[in-house]
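Please keep the sequence and the coordinates open beside the text while reading.

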Amino acid sequence: MDCEICGRPIKGKGFKIVVEGSEVTVCHSCKNYGVEKPISQVSQPGVSKVLIRRKKQPTNIEFS
Ligand SMILES: [Zn+2]
């Protein structure tokens with residue numbers, strides 16, 4: 001994959017940034033040209049579902 005700003009090949013994953021409303025993948029030296037995209041927002045819905053499922057009643061306490 002090449003950097004969409006300078007055109008040089010990106011080593012590794014590269015950086016996803018938002019430049020003037022459009023998402024581009026750039027190299028390390030070009031990531032300062034835009035705002036880095038927060039990746040954690042994408043995975044949040046799945047994480048919250050797991051947390052809701054973990055609600056358990058502590059019924060075992062009465063037996064001990
Ligand atoms: Zn670049």
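The term pLDDT stands for the predictor's confidence in each residue, on a scale from 0 to 100. The structure shown is a predicted model, and across the chain the mean pLDDT is 80, with 69% of the residues reaching 70 or more.

**Confidence along the chain**

- Among the elements of the chain, strand S2 has the highest mean pLDDT, 95, whereas helix H1, covering residues 40-53, has the lowest, 56.
- Where pLDDT is low, the predicted coordinates should not be read in detail.

**Overall fold**

- The chain holds one helix and three strands, and along the sequence these elements follow the pattern β-β-β-α.
- Of the 64 residues in the chain, 6% count as buried.
- Among the contacts with a sequence separation of 6 or more, 13% are between residues 24 or more positions apart.

**The sheet and its pairing**

- The three strands form an open sheet in the order S2-S1-S3, and their pairing is antiparallel.
- Because strand S2 (22-26) and strand S3 (35-36) each have a single partner strand, they stand at the edges of the sheet, and one side of each is left without a neighbour there.
- Five bridges join S1 to S2, two strands that run antiparallel, and within this pairing Val 19 stands opposite Ser 22 of S2.
- Two bridges join S1, which spans residues 15-19, to S3, again with the strands running antiparallel.

**The hairpin turn at Glu 20**

- Strands S1 and S2 form a hairpin with two residues between them, and Glu 20 is located in the loop between these two strands.
- Glu 20 counts as exposed because it has 8 C-beta neighbours inside 10 Å, where the cut-off for an exposed residue is 12 or fewer.

- Leaving aside residues up to four places away in sequence, Ile 17 touches Val 24, Val 26, Lys 31, Gly 34, Val 35, Glu 36 and Lys 37.
- One of these residues, Glu 36, is also the bridge partner of Ile 17 in S3.
- The C-alpha atoms of Ile 17 and Pro 38 are 8.7 Å apart in space, although the two residues are 21 residues apart in sequence.

**Lys 11 ahead of the sheet**

- Lys 11 belongs to the segment before S1 and is exposed, with 9 other C-beta atoms within 10 Å.
- A separation of 8.6 Å lies between the C-alpha atoms of Lys 11 and His 28, residues that are 17 residues apart along the chain.

Terms used. Residues are numbered from 1 along each chain as its sequence is written. This is a predicted model: local features need pLDDT of at least 70, side-chain atom pairs count only at pLDDT 80 or more; totals for chains, interfaces and linings use all residues. Two strands pair if DSSP finds at least two bridges between them. Helices (H or I, at least four residues) and strands (E, at least two) are DSSP runs, numbered from the N terminus. A residue is buried if 20 or more other C-beta atoms lie within 10 Å of its own, exposed if 12 or fewer, and partly exposed in between; C-beta atoms are placed from the backbone. Two residues are in contact if their C-beta atoms, placed from the backbone, lie within 7 Å.
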